[in-house]
Amino acid sequence: MKFSKILAVLVAFGILGFAQVGSPLVLDKPAALKDIAVAVFGDASYAPAIMRATNSKALVDASFARISRLDEVLPSGAKVWIPEEAWAKAFLAVWDPNRVEDLFGGGKLVVGSWWTAGGEAEGLDALFGLYRGNYPDVVIVNATIAGGAGFAFKAVLKPRLIAGDPPDTFQLHAGLEVEGYSPETYLRPLDDLYSIFGWDKVFPPDLLTLMRYEGHYWGVPVNIHRANVLWYSKEIFAKYNLKPPANWDEFFQICDFLKSKGIVPITLANAGGWEAPHLFETILASTLTPEEYRGLWTGATPWTHPGVTKALEILKKILDYVNTDYSAHTWDTVLEYIAAGRGAMNVMGDWAMGWFMAKGVDVGWAPVPGTKGVFDALSDTFAFPKRAPNPINVIGWLEVCGSKEGQIAFNMRKGSIPARTDITPAEKAQFNPYLQSCMEDWARDAIVPSVIHGAAAPESWVVDFKDAINLFLVTKDVARAQAALVAAAQAALGK
Ligand code: GAL
């Protein structure tokens, strides 16, 4: 087969321009892989990518050739799969030529995350569905470890990374969380994949800055979550003609009223040890300006600031209005109070919206009192360990995570919004009213980074922050808690 003819076939199949995931090509005369690679990509070095892609297809469709050697000459009539150019480039960037086994397709994709609750699981499944559509030869292993905010997951992941036994890809918050994984030792920098797939052009500049640590990208963001949301029971608020509180005074008035009616005014969980600190973080965003809040994590705002004292006082007062069994509840189980009309309000990130959607509960929302115009943000990303056992399978996973299709399918179930900036009005209209309003706030509000969810500080500081607040729940000693927060900042910032 003449290469001009191959090109004609390619044009006929519509695969020039490489807009598709790939296309089949039937040889009408014997050809070596490297010759096909030259004809298609203008470069013989793409031969391994064609071999891998074809072998992947052959595992699920016997009409494709099974190729056993890179220098094999394929007979006339052989059907190969020409991968899309971006995937092929990514393959060449990722593939280690010593790993001949990676040319044969199939295998697993072990995806590590803590997404097991309502909304979380549905979102993850949507990503799996898209991946399976593209790579039916690969078995997805859903390697979740339950526990909101991932503290249980992270504790298991770290030793696995160190031992050289990581999952293929894992959930990682955007921001300083990555520091705890010694990324230069254990993770693959993703700069080349960012430029191959154009991710450096589709995510907002601030998020890209947050994603860069030690000059490199280490994860591909799938979403933006908002941490400072007050969820409320529409039923209870309508029954008593209440309006969502705009500030803490209004909030406590509502609390007093509801308490007198025998309703839990504000529900709280803390079985994971992070839920009350999460609430506290959002209170800080109300007692400090966005600038001051950001400064807490850089050293520009001292932790002796009166806004910190005030936040502790507010948290202390909230404890008079919460369910007494909070230490037995996780973020999701406590939402049952609201679903059942026994609890009126809850402060949680908008994964709670994912839970309410999954359970079919119509819930009200407002910014946490005093935080209108402030967006306490975090982002979930997927990272790529250096020792991923099935590295080639990770390429398509990250591609789905970063794609528009993936971000739409995932986020409308997860309760988060796409991190990509190119969502059209028609695509936006597919999201529920909360998520649409969230997209508007994300574009307009002052953004502050979440500490509990990895954006603001390294993991060691997050742990000290949590410890200070968890002790405070017992002592209710404002001065002591503030001193512990000051000490945590000193330990982290070295001053
Ligand atoms: C956050 C994570 C969210 C959500 C939440 C509760 O840390 O970013 O995606 O899953 O934990 O598990």
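Arg-226 stands opposite Ala-377 in β16. The structure is a predicted model, in which local features need pLDDT of at least 70, side-chain atom pairs count only at pLDDT 80 or more, and totals for chains, interfaces and linings use all residues. Residues are numbered from 1 along each chain as its sequence is written.

The strand β16 covers residues 374-378 and pairs with β11 in the antiparallel sense over two bridges. Two strands pair if DSSP finds at least two bridges between them. Strands (E, at least two residues) and helices (H or I, at least four) are DSSP runs, numbered from the N terminus. Strands of a sheet pair through backbone hydrogen bonds, either parallel or antiparallel. Here β11, β16 and β18 follow one another in an open sheet of three strands with mixed pairing. Its edge strands, β11 (225-226) and β18 (446-449), each pair on one side only.

A second open sheet has four strands. Their order is β13-β14-β12-β15, again with mixed pairing. Because β13 (264-267) and β15 (363-367) stand at the edges with a single partner strand each, one side of each is left without a neighbour in the sheet. Neighbouring strands of this sheet are turned by 20 degrees against each other on average, direction ignored. Strand β12 (residues 229-233) and β15 pair in the antiparallel sense over five bridges. Ser-233 stands opposite Val-363 in β15.

Helix α12 (residues 248-260) lies across β13 and β14 (343-348). The helix runs at about 125 degrees to β13. Axes are lines fitted to C-alpha atoms, for helices over the stretch in contact, and angles run from 0 to 180 degrees between N-to-C directions. Residues are in contact if their C-beta atoms, placed from the backbone, lie within 7 Å.

Two helix pairs involve α22. The axes of α22 (residues 459-475) and α23 (residues 478-493) come within 9 Å and cross at roughly 170 degrees. The two helices are therefore roughly antiparallel to each other. Angles under 35 degrees count as roughly parallel, over 145 as roughly antiparallel, 65 to 115 as roughly perpendicular and the rest as oblique. Residues making the contact include Trp-461, Phe-465 and Leu-471 of α22, and Ala-484, Leu-485 and Ala-488 of α23. By class, this contact has 11 nonpolar, two polar and two charged residues. Ala, Val, Leu, Ile, Met, Phe, Trp, Tyr, Cys and Pro count as nonpolar, Asp, Glu, Lys and Arg as charged, and the others, Gly among them, as polar.

The axes of α13 (residues 275-287) and α22 also come within 9 Å, but cross at roughly 100 degrees. These helices are therefore roughly perpendicular to each other. Ala-276, Pro-277 and Phe-280 of α13 meet α22 residues including Phe-465 and Ile-469.

The chain is assigned domain 1 (3-103), domain 2 (108-223 + 378-429) and domain 3 (229-370 + 458-493). These bounds come from an automatic or database domain assignment. The centres of domain 1 and domain 3, taken over C-alpha atoms, are separated by 55 Å. Domain 2 and domain 3 both give residues to the shell around the ligand, so the ligand lies between them. In all, 14 residues surround the ligand, and the closest are Gly-148, Ala-149, Trp-351, Asp-380 and His-453. A residue is near a molecule if its C-beta atom, placed from the backbone, lies within 6 Å of it. The shell divides into six nonpolar, six polar and two charged residues.

Technical notes: Two residues are in contact if their C-beta atoms, placed from the backbone, lie within 7 Å.
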